[in-house]
Amino acid sequence: MKILAICGSLRKKSTNMGLLRYAQTIAPAGMEISIADLSAMPFYNADITEKPVAVVALLNQIANADAFIFGCTEYNYSLAPALKNALDWASREPENKLLSGKAVALMGAGGGMGTSRAQYHMRQTCVFLNLHPLNKPEVFVNAFANTFDAEGNLTDEKIKANTQAQLVALAEWVNTLKKQ
Ligand SMILES: Cc1cc2nc3c(=O)[nH]c(=O)nc-3n(C[C@H](O)[C@H](O)[C@H](O)COP(=O)(O)O)c2cc1C
């Protein structure tokens, strides 16, 4: 099972990227998690008719993924643009074939609400993209409560266990969707 993780934050010490890195290290048997590099992605613009290298690379990774994990960084009560931009690019392929029907797990680290507002906005976007977000367990992390070290690595044992449980549920969810 190939999972592509996409992060809404571009900064080096990103806690959301830290969550995705942690997920990568504890993927259940049979699940392989790779993490997209959005650092060179241009903003979607319909005038860009020849896709830049970074866009082609991302679209290939998305095409090859069975499912996704979105690191839902929250900016100003909603989704950070880097993640939304990646989905905007992918959504422009014919018939939305890169995304439609695939499973998603949402996680995020931010202020006291743990990116819940961004994650619920993402669930709305998933409706239009026909992505299928896993309902539970939800992973909402307060990034300012000694949950990460200075490099953005996850250190909190409770969040680690929650993340692990979400990945197990994601594997089951992917298999459930395949049967439909
Ligand atoms: C422009 C901007 C807006 C932000 N707005 C919110 C917000 O609405 N809710 C929230 O929980 N955190 C907000 N934050 C704080 C971020 O959640 C925090 O900086 C977090 O560490 C960013 O994720 P990262 O560590 O993966 O880069 C904001 C940060 C920035 C830079």
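Me: Where is the place of Pro137?
Reply: Pro137 sits in the loop between E7 and E8. This is a predicted model, and the remarks below apply to that model.

Me: What makes the peptide bond from Lys136 to Pro137 worth a remark?
Reply: Its omega is near 0 degrees, and the bond is cis. Most peptide bonds are trans.

Me: How much confidence does the predictor have in the chain?
Reply: The mean pLDDT of the chain is 98, and 100% of its residues reach 70 or more. Confidence is lowest in helix H5 (residues 157-179), with a mean of 97, and highest in E3, at 99.

Me: Why are H2 and H3 called roughly perpendicular to each other?
Reply: Helix H2 (residues 53-64) and helix H3 (residues 81-91) pack at an angle of about 80 degrees. Angles of 65 to 115 degrees count as roughly perpendicular, so H2 and H3 receive that name. Their axes are 10 Å apart.

Me: Which residues of H2 and H3 meet?
Reply: From H2 come Val55, Leu58, Leu59 and Ile62, and from H3 come Ala86, Trp89 and Ala90. By class, this contact has 7 nonpolar residues, no polar ones and no charged ones.

Me: What makes strand E6 mostly covered?
Reply: Of the 8 residues in E6 (residues 103-110), 8 are buried. To be buried, a residue needs 20 or more other C-beta atoms within 10 Å of its own. Ala103, Ala105, Met107 and Ala109 point one way, Val104, Leu106, Gly108 and Gly110 point the other way, and all are buried.

Me: How do you know that E6 pairs with E3, and in which sense?
Reply: Two strands pair if there are at least two bridges between them. Strand E3 (residues 67-71) and E6 have 5 bridges, in the parallel sense. Gly71 has Met107 of E6 as its bridge partner.

Me: How many bridges join E6 to E7, and how many join E6 to E8?
Reply: E6 and strand E7 (residues 132-133) run parallel and are joined by 2 bridges; Val104 stands opposite Pro133 in E7. With strand E8 (residues 139-142), E6 pairs in the parallel sense over 4 bridges; here Ala109 stands opposite Val141.

Me: Why is Leu129 called partly exposed?
Reply: Leu129, found in helix H4 (residues 116-129), has 19 other C-beta atoms within 10 Å.

Me: Which residues does Leu129 contact, leaving aside its neighbours within four places in sequence?
Reply: They are Leu87, Ser91, Asn96 and Leu99. Leu129 and Ser91 are 38 residues apart in sequence, while their C-alpha atoms are 7.0 Å apart in space.

Me: What makes the phi of Tyr77 and of Glu95 stand out?
Reply: Most residues other than glycine have a negative phi. Tyr77 is not a glycine, and its phi is positive, about 65 degrees. Glu95 is not a glycine either, and its phi is positive, about 55 degrees.

Me: Where do Tyr77 and Glu95 lie, and are they buried or exposed?
Reply: Tyr77 is in the loop between strand E4 (74-75) and strand E5 (78-79), and Glu95 is in the loop between H3 and E6. A residue with 12 or fewer C-beta neighbours counts as exposed. Tyr77 has 10 inside 10 Å, so Tyr77 counts as exposed. Glu95 has 6 inside 10 Å, so Glu95 also counts as exposed.

Technical notes: Residues numbered from 1 in each chain as written. Predicted model: local features only at pLDDT ≥ 70, side-chain atom pairs only at ≥ 80, totals over all residues. Axes fitted to C-alpha atoms, helices over the stretch in contact; angles between N-to-C directions. Parallel < 35°, antiparallel > 145°, perpendicular 65-115°, else oblique. Contact = placed C-beta atoms within 7 Å. Nonpolar A, V, L, I, M, F, W, Y, C, P; charged D, E, K, R; others polar. pLDDT = per-residue confidence, 0-100.
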